Amino acid sequence: MIAWFRPEHVQTITWGGNPAEHGTWNPATQRMRPRASFDAWKETVTGRSLPWTSAERSCARELGEAIAAEMAQRTRAELARDCAITTR
């Protein structure tokens, strides 16, 4: 198995209002009032990397195929050697 670690890409996202603030219920009118503020609210996203580009995915796929081909070739050589030993 190969683990391909990529660097973290810290990103700040600006939202229209804090999503944790909810509207309020007015029992007199039996209506929901939206939150009072839609001031910009910023969230810092950590622990994520940038998406893989198509070139990076292609390179990773080619590496996997090359490793699989090498392992298959080594397995065939080992089997041929083992069979030659047992048939003597």
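This is a predicted model: local features need pLDDT of at least 70, side-chain atom pairs count only at pLDDT 80 or more; totals for chains, interfaces and linings use all residues.
**Cysteines, pairs and patches in the model**

Colleague: Is Cys-83 buried or partly exposed, and how many disulfides does a search of the whole structure find?

Modeller: Cys-83 has 45% relative accessibility, so this residue counts as partly exposed. A disulfide would be a pair of cysteine sulfur atoms within 2.5 Å. Across the whole structure, the number of disulfides found is zero.

Colleague: Nice. How many salt bridges does the structure hold?

Modeller: Side chains of opposite charge can pair when their charged atoms come close. Here a salt bridge is a side-chain nitrogen of Lys or Arg within 4 Å of a carboxyl oxygen of Asp or Glu. The number of salt bridges in the structure is three.

Colleague: With which residue does the side chain of Arg-6 meet in a salt bridge, and how many residues apart in sequence are the parts that this pair ties together?

Modeller: Arg-6 meets Glu-56, at 3.2 Å from N to O. Arg-6 lies in the segment before S1 and Glu-56 in helix H1, so the pair ties together separate parts of the sequence. Helices (H or I, at least four residues) and strands (E, at least two) are DSSP runs, numbered from the N terminus. The partner is Glu-56, and the separation is 50 residues.

Colleague: Which residues is Glu-56 in contact with, leaving aside neighbours within four places in sequence?

Modeller: Glu-56 is partly exposed at 31% relative accessibility, and Arg-6 is partly exposed too, at 24%. Contact means heavy atoms within 4.5 Å. On that basis, Glu-56 is in contact with Arg-6 and Pro-51.

Colleague: About how many helical turns separate Glu-70 and Arg-74?

Modeller: Their side chains meet in a salt bridge of 2.9 Å, N to O. Glu-70 is partly exposed at 36% relative accessibility, while Arg-74 is exposed at 55%. Because Glu-70 and Arg-74 are four residues apart in helix H1, their separation is about one helical turn.

Colleague: Which residue forms a salt bridge with Asp-82?

Modeller: Asp-82 is partly exposed, with a relative accessible area of 35%. The closest N and O atoms of its salt bridge are 3.2 Å apart. The partner, partly exposed at 48% relative accessibility, is Arg-81.

Colleague: Turning to rings, how many aromatic pairs does the structure hold, and how many residues apart are its members?

Modeller: Rings of Phe, Tyr and Trp (its six-membered ring) pair if their centres lie within 6.5 Å; planes under 30 degrees apart count as stacked, over 60 as edge-to-face and the rest as tilted. The structure holds one such pair. Trp-4 and Trp-52 are edge-to-face, 5.2 Å centre to centre with 70° between the planes. This pair links the segment before strand S1 (11-16) to the loop between strand S4 (40-45) and helix H1 (54-86), a span of 48 residues.

Colleague: About how much accessible area does the nonpolar patch with Trp-4 and Trp-52 have together?

Modeller: Trp-4 is partly exposed at 47% relative accessibility, and Trp-52 at 30%. Patches are made of residues with over 30% relative accessible area and no salt bridge, like charges being joined within 9 Å and nonpolar side chains (Val, Leu, Ile, Met, Phe, Trp, Tyr) within 5 Å. Areas come from the Shrake-Rupley method with a 1.4 Å probe, and for residues only the protein chains shown count as cover. Ile-2, Trp-4, Trp-52, Leu-63, Ile-67 and Met-71 together have about 580 Å².

Colleague: Which residues does Asn-18 touch, not counting those up to four places away in sequence?

Modeller: Asn-18 lies in the loop between S1 and strand S2 (24-26). Asn-18 is buried, with a relative accessible area of 19%. The residues that Asn-18 touches are Arg-35 and Trp-41.

Colleague: Last one: about what positive phi does Gln-30 have?

Modeller: Most residues other than glycine have a negative phi. Gln-30 lies in the loop between S2 and strand S3 (31-33) and is exposed, with a relative accessible area of 54%. Although Gln-30 is not a glycine, its phi is positive, at about 60°.

Notes: Residues are numbered from 1 along each chain as its sequence is written. Side-chain values use heavy atoms; hydrogens and water are left out. Buried means under 20% relative accessible area, exposed over 50%, partly exposed in between (1.4 Å probe, protein chains only).
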